[in-house]
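Here is a short report on a single structure. Keep the sequence and the model open while reading.

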Amino acid sequence: MRPGQSSAAQEEALLQVTGLAVHYGGIRAVQALDLAVYPGERVTLIGANGAGKSSTLKALAGLVAPFRGSIRFCGRDLGAVPAWQRPALGLCLVPEGRGVFARLGIEENLLMGAYHRRLRPAQWQEELALVYHWFPRLYERRTQAAGTLSGGEQQMLAMGRALLSKPRLLMLDEPSMGLAPLMVDKIFAVIRQIVASGVSLLLVEQNARLALELCDRAYVLESGSVVLTDQAQRCLHHPQVREAYLGNDGA
Ligand SMILES: Nc1ncnc2c1ncn2[C@@H]1O[C@H](COP(=O)(O)OP(=O)(O)O)[C@@H](O)[C@H]1O
Ligand SMILES: [Mg+2]
């Protein structure tokens with residue numbers, strides 16, 4: 001049930017994570033984590049370096065195997081669904097570091113996002129045009145190899161590739177990492193358009209203020225566990241969050 005919702009208006013979560021644990025040998029990166037994202041919702045995971053944010057997203061994407069816990073997406077248990085099949089279900093991760101194929105061209109990278117959809121050529125051209133509409137810079141650079149793009153352009157490419165998989169839930173891990181402020185503004189302007197089009201969002205972002213202002217709800221992670229969850233707007237005023245993640249900047 002959506003937080004704050006009466007039982008009369010029960011709605012099934014798009015993503016329901018229960019008791020998730022991720023271990024790397026003896027390192028307990030994520031422990032007993034419960035998390036939900038409802039249709040159309042924008043949710044952020046806030047936490048310091050090493051809190052377990054990326055490990056959580058990787059487990060959702062199927063890139064690391066959970067030690068314990070269940071992940072349900074669209075009512076389906078993902079336990080036996082390999083990483084490569086998850087985008088076809090509508091669950092797509094843009095990883096930290098972007099993960100573009102450096103030696104391939106821009107359109108070859110974009111095509112990877114849509115490989116499972118078997119688009120007809122006309123449909124492909126239509127959707128490609130939409131990505132270029134969102135990211136005109138990619139159109140200008142379309143003859144280049146992805147490895148020659150700047151960090152911001154690679155982020156655009158990775159997001160364009162994810163969008164071509166037609167996600168229902170888009171997961172972004174540190175989209176602003178290493179980017180100049182102007183590029184961060186551009187990337188976030190597109191993220192706003194994407195969520196306005198109805199795609200649900202699970203966002204990990206080092207700039208906690210940016211994330212909380214964009215999202216509906218937040219989970220705060222410390223040492224692999226959720227220590228606080230609330231409406232994002234309320235988190236902006238929460239003393240514990242302000243102290244630890246907003247630098248108490250008084251804004
Ligand atoms: N591949 C790995 N092998 C071993 N330890 C890892 C690995 N990836 C992450 N960790 C450890 O797991 C913990 C959580 O890391 P991570 O999920 O990357 O945190 P965050 O994204 O919040 O910075 C950290 O202690 C980190 O050192
Ligand atoms: Mg991380």
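Six strands make an open sheet, ordered β6-β7-β8-β3-β9-β10, with mixed pairing. β6 (91-94) and β10 stand at its edges with a single partner strand each, so one side of each has no neighbour in the sheet. From one strand to the next, the twist averages 15°. Strands here are DSSP runs of E with at least two residues, helices are runs of H or I with at least four, and both are numbered from the N terminus. Two strands pair if DSSP finds at least two bridges between them.

This is a predicted model: local features need pLDDT of at least 70, side-chain atom pairs count only at pLDDT 80 or more, and totals for chains, interfaces and linings use all residues. Residues are numbered from 1 along each chain as its sequence is written, while chains are lettered from A and ligands numbered from 1 in the order in which they are written.

| Strands | Direction | Bridges | Facing residues |
|---|---|---|---|
| β3 (42-47) and β9 | parallel | 5 bridges | threonine 44 and alanine 218 |
| β7 (169-173) and β8 (200-204) | parallel | 5 bridges | leucine 172 and leucine 203 |

Strand β9 (residues 217-222) is largely enclosed by the rest of the structure, because 5 of its 6 residues are buried. Buried means that 20 or more other C-beta atoms lie within 10 Å of the residue's own; exposed means 12 or fewer, and partly exposed falls in between, with C-beta atoms placed from the backbone. β9 and β10 form a hairpin with 2 residues between the strands. There, serine 223 takes a positive phi near 45°.

The largest nonpolar core has 64 residues. Such a core is a set of buried Ala, Val, Leu, Ile, Met, Phe, Trp, Tyr and Cys residues joined through C-beta atoms within 7 Å. Ile46, Leu157, Leu169, Leu170, Met171 and Ala218 touch the most other members. Leucine 169 touches Leu14, Leu15, Val37, Gly90, Leu91, Ser200 and Leu202, leaving aside residues up to four places away in sequence. Contact means C-beta atoms, placed from the backbone, within 7 Å.

A further open sheet has 4 strands in the order β2-β1-β4-β5, with antiparallel pairing. Its edge strands are β2 and β5, each pairing on one side only. α1 packs on this sheet and touches β1 (15-24), β2 and β4. The direction of α1 makes about 65° with that of β2. Such angles run from 0 to 180 degrees between N-to-C directions, and axes are lines fitted to C-alpha atoms, for helices over the stretch in contact.

Which residues are around ligand 1? They are Tyr24, Ile27, Ala29, Gly47, Asn49, Gly50, Ala51, Gly52, Lys53, Ser54 and Ser55. The criterion is a C-beta atom, placed from the backbone, within 6 Å of the molecule. β2 (27-37) and α1 (53-61) are the elements that give two or more residues to this shell. α1 gives the most, with 3 residues. The shell divides into 4 nonpolar, 6 polar and 1 charged. Ala, Val, Leu, Ile, Met, Phe, Trp, Tyr, Cys and Pro count as nonpolar, Asp, Glu, Lys and Arg as charged, and the others, Gly among them, as polar.

Glycine 79 lies in the loop between β5 (76-77) and α2 (86-89). Glycine 79 counts as exposed because it has 12 C-beta neighbours inside 10 Å.

How values were computed. Contact = placed C-beta atoms within 7 Å.
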